[in-house]
Amino acid sequence: RNIRNSSFNTGSKFRFSPEYDLGSDDDKKDVWLVMNRDTVSLTSSVVAVRCNNTLPTLEINSQGLGIPHYEPAIFGLDMHYVNNQYNQTAVESQSSITAYVQFNDITKSYYINQRFILGIGIPDVYRIKGMSRFYSHSALNPNNVGIVQLYFEHVDASAQDDFVTRIAYQNQTVPQKTDTPSASG
């Protein structure tokens with residue numbers, strides 16, 4: 001009823017089943033992210049978009065074991081710059097895609113060149129080539145981010161990539177985590 005409630009901030013996550021069945025299990029519900037919020041007009045509203053894929057990563061738990069985590073993400077419907085790049089030894093496909101995720105403890109540690117396996121059947125490997133982590137809830141608090149925009153480019157698969165769990169091999173040292181405050185969600 002109160003759309004100005006802080007749970008409706010940009011980046012907030014909600015779960016709804018396709019039939020809006022309140023009793024259905026969480027794994028059967030779709031994840032939605034608040035992408036835009038209007039509190040200026042008399043009829044305040046938010047725009048929520050359904051997540052249409054996940055970004056699989058390996059998170060280290062308190063015992064030092066790697067646990068798969070699948071972060072809900074909104075991927076655009078269009079790929080950009082879809083073409084072939086030619087050099088003296090090979091023809092390589094090129095393409096890029098954009099995704100949006102909630103800023104949280106998992107996504108704040110994403111880094112440039114981090115690789116992800118996306119898709120089903122014959123999945124593809126993409127790496128982050130850029131990210132926007134500056135869409136803050138207020139101009140005076142740049143650490144209160146709600147949404148992260150990720151820019152991916154298509155890369156070659158590695159023999160170490162796990163296509164069953166969709167966990168991509170990271171062939172570089174992971175940057176150290178920063179002490180950036182996380183957004184609630």
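Colleague: Is Phe152 buried or exposed?

Modeller: Buried means under 20% relative accessible area, exposed over 50%, and partly exposed in between, with a 1.4 Å probe and protein chains only. Phe152 has a relative accessible area of 0%, so this residue is buried, and Phe116, also at 0%, counts as buried too. Please keep in mind that this is a predicted model, in which local features need pLDDT of at least 70 and side-chain atom pairs count only at pLDDT 80 or more, while totals for chains, interfaces and linings use all residues. Residues are numbered from 1 along each chain as its sequence is written, and side-chain values use heavy atoms, with hydrogens and water left out.

Colleague: Which residues touch the most other members of the largest nonpolar core?

Modeller: A nonpolar core is a set of buried Ala, Val, Leu, Ile, Met, Phe, Trp, Tyr and Cys residues joined through side-chain atoms within 4.5 Å. Here the largest one has 18 residues, and those touching the most other members are Leu55, Phe75, Tyr110, Phe116, Ile128, Leu150 and Phe152. Strands E5 (66–75), E7 (91–102), E8 (115–118), E9 (124–138) and E10 (141–155) each supply at least two residues of this core, where strands (E, at least two residues) are DSSP runs numbered from the N terminus. The largest share, 4 residues, comes from E10. Apart from this core lies another, of 5 residues, including Val31, Leu33, Cys51 and Ile74.

Colleague: How many aromatic pairs does the structure hold?

Modeller: Rings of Phe, Tyr and Trp (its six-membered ring) pair if their centres lie within 6.5 Å; planes under 30 degrees apart count as stacked, over 60 as edge-to-face and the rest as tilted. The structure holds 5 such pairs. In one of them, the rings of Phe16 and Trp32 have centres 6.3 Å apart and planes at 75°, so the pair is edge-to-face. Because Phe16 lies in strand E1 (residues 13–16) and Trp32 in strand E2, the pair ties together parts that are 16 residues apart in sequence. Phe16 is partly exposed, with a relative accessible area of 35%, and Trp32 is partly exposed at 22%.

Colleague: What kind of pair do Phe116 and Phe152 form?

Modeller: Theirs is edge-to-face, with 5.7 Å centre to centre and 85° between the planes. This pair links distant parts of the chain, since Phe116 is in strand E8 and Phe152 in strand E10, 36 residues apart. Together with Phe75 and Tyr110, Phe116 and Phe152 form one aromatic cluster.
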